[in-house]
Amino acid sequence: NHTLLTDFVLSGLSSHPELQHLLFFTICFVYSMTLIGNLLICMATAHPTLHMPMYFFLRVLSFLDISTASVVVPKMLVNLLSEDSSISYPGCVTQLYCVVFLAATEWFLLAAMAYDRFVAVCSPLRYAALMDTRLCLSLVLLCCCSGNVVSVVQTAWVFTLSFCGPRRINYFFCDIPPLLALSCTDTSPYEKQIISATVLVIFTPFCLILLSYACIVSSILKISSAESRHKTFSTCSSHLTVVTLYCASGTLIYLQPKSSNSQDTKKILALIYTTVIPTLNPLIYSLRNKEVKEVLIRVV
């Protein structure tokens, strides 16, 4: 018999009650650092001296990082201190849509940032003409529209499944893999669809990023001055670091083979993806970029 579910219960990060308060204060601290760090990046990149496409994209990335953490972390913090860890059916739909939308948009944005670096290194004399304000805004809008299409499709087909119970989601937020585990219908076609969507959303932008950096490396090797080569590569290393972190965590979450402990591993990876990486991004870009560091010091 099929039962109409009106809500779900999130099991959270750990089933050990003695760890709840420690997890709460740790995650609360990390979330605070995420907000402070990314807000500082937004303020710094809005400074007139950093009025360049690269910093415009970085500001959008920081906004997406704040949004990703804010969709997941506040509810998780409430559940850590409350005995009622339920989330309504519409709330679960909304959370899944937002998580997928933000994740997909970030990936497309990383590809746009790679294109920006490609134009800056390979066509420096035409950079200002090619990467004008209109193109930058168009690329960001295209990333958002693409992320929205991916999210609408993924969310729609997940919630067309029949959920017969139990209603407990073995996760700390509504995501596709744990929701599929609750379905009483055959999910094998949907699992194949996840792999296809992961390849589309992660590996297609990743291939474009690799292609851009292949051209960038080729151009850097043609520079005669070692100092100029180092300076040029340093402007790209921060972006490469962020891409590597996102690719590793995203791939392991959605392409990891099923096993007895895979769900606990996915929880840790999802926590890194939604909480830790948004905290690291401001550090990666500020520590590796002299201009951003100087403006941040003035802002602080």
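# Close-up views of a predicted model

View 1. Arg117 counts as buried, with a relative accessibility of 7%. The structure you are looking at is a predicted model. Which residue does the side chain of Arg117 meet in a salt bridge? Its partner is Asp116, and the N to O distance is 3.1 Å. Asp116 is buried too, with a relative accessible area of 1%. Side chains of opposite charge can pair when their charged atoms come close. How many salt bridges does the structure hold? The count is one.

**View 2. Helices H2 and H3 side by side.** Helix H2 covers residues 53–81, and helix H3 covers residues 89–122. Their axes come within 10 Å and cross at roughly 160°. H2 is therefore roughly antiparallel to H3, since angles over 145 degrees are counted that way. The crossing of H2 past H3 is left-handed. What kinds of residue make up the contact of H2 with H3? There are 15 nonpolar residues, along with four polar and five charged ones.

**View 3. Helices H3 and H5 crossing.** Here H3 meets helix H5, which is made of residues 133–158. The axes of H3 and H5 come within 7 Å, and the crossing angle is roughly 145°. Is this crossing left-handed or right-handed? The crossing of H3 and H5 is right-handed. In the contact of H3 with H5 you can find 18 nonpolar and seven polar residues, but no charged residues.

**View 4. Cys144 on helix H5.** Staying with H5, look for Cys144, which lies in this helix. Cys144 has a relative accessible area of 26%, so it is partly exposed. Now find Val71, 73 residues away from Cys144 along the chain. How far apart are the C-alpha atoms of Cys144 and Val71? They are separated by 17 Å.

**View 5. Helices H1 and H2 packing together.** Helix H1 spans residues 20–45. H1 and H2 pack at an angle of about 160°, and their axes are 9 Å apart. This angle makes H1 roughly antiparallel to H2. H1 passes H2 in a crossing that is left-handed. The contact of H1 with H2 includes 20 nonpolar residues, joined by seven polar and two charged ones.

**View 6. Leu39 on helix H1.** Leu39 has its place in H1. With a relative accessible area of 46%, Leu39 is partly exposed. Along the chain, Leu39 and Leu77 are 38 residues apart.

**View 7. A loop residue, Arg126.** Where is Arg126 found? This residue sits in the loop between H3 and helix H4, which is residues 127–130. Is Arg126 buried or exposed? At a relative accessible area of 53%, Arg126 is exposed, because that label applies over 50%. Val72 is 54 residues from Arg126 along the chain, and the C-alpha atoms of the two are separated by 41 Å.

**View 8. Arg229 on helix H8.** Helix H8 runs over residues 226–255, and Arg229 lies in it. Arg229 counts as partly exposed, at 28% relative accessibility.

**View 9. Spans from the UniProt record.** The unreviewed UniProt entry places the feature "transmembrane region" at several spans, including residues 56–74 and 194–221.

Terms used: Residues numbered from 1 in each chain as written. Predicted model: local features only at pLDDT ≥ 70, side-chain atom pairs only at ≥ 80, totals over all residues. Heavy atoms only, no water. UniProt positions renumbered as here; feature names shortened; annotations may be inferred. Salt bridge = Lys/Arg side-chain N within 4 Å of Asp/Glu carboxyl O. Buried < 20%, exposed > 50% of the residue type's maximum accessible area, 1.4 Å probe, protein only. Axes fitted to C-alpha atoms, helices over the stretch in contact; angles between N-to-C directions. Helix = DSSP H or I, 4+ residues; strand = E, 2+ residues; numbered from the N terminus. Parallel < 35°, antiparallel > 145°, perpendicular 65-115°, else oblique. Left-handed = near helix turned anticlockwise from the far one by under 90°. Nonpolar A, V, L, I, M, F, W, Y, C, P; charged D, E, K, R; others polar.
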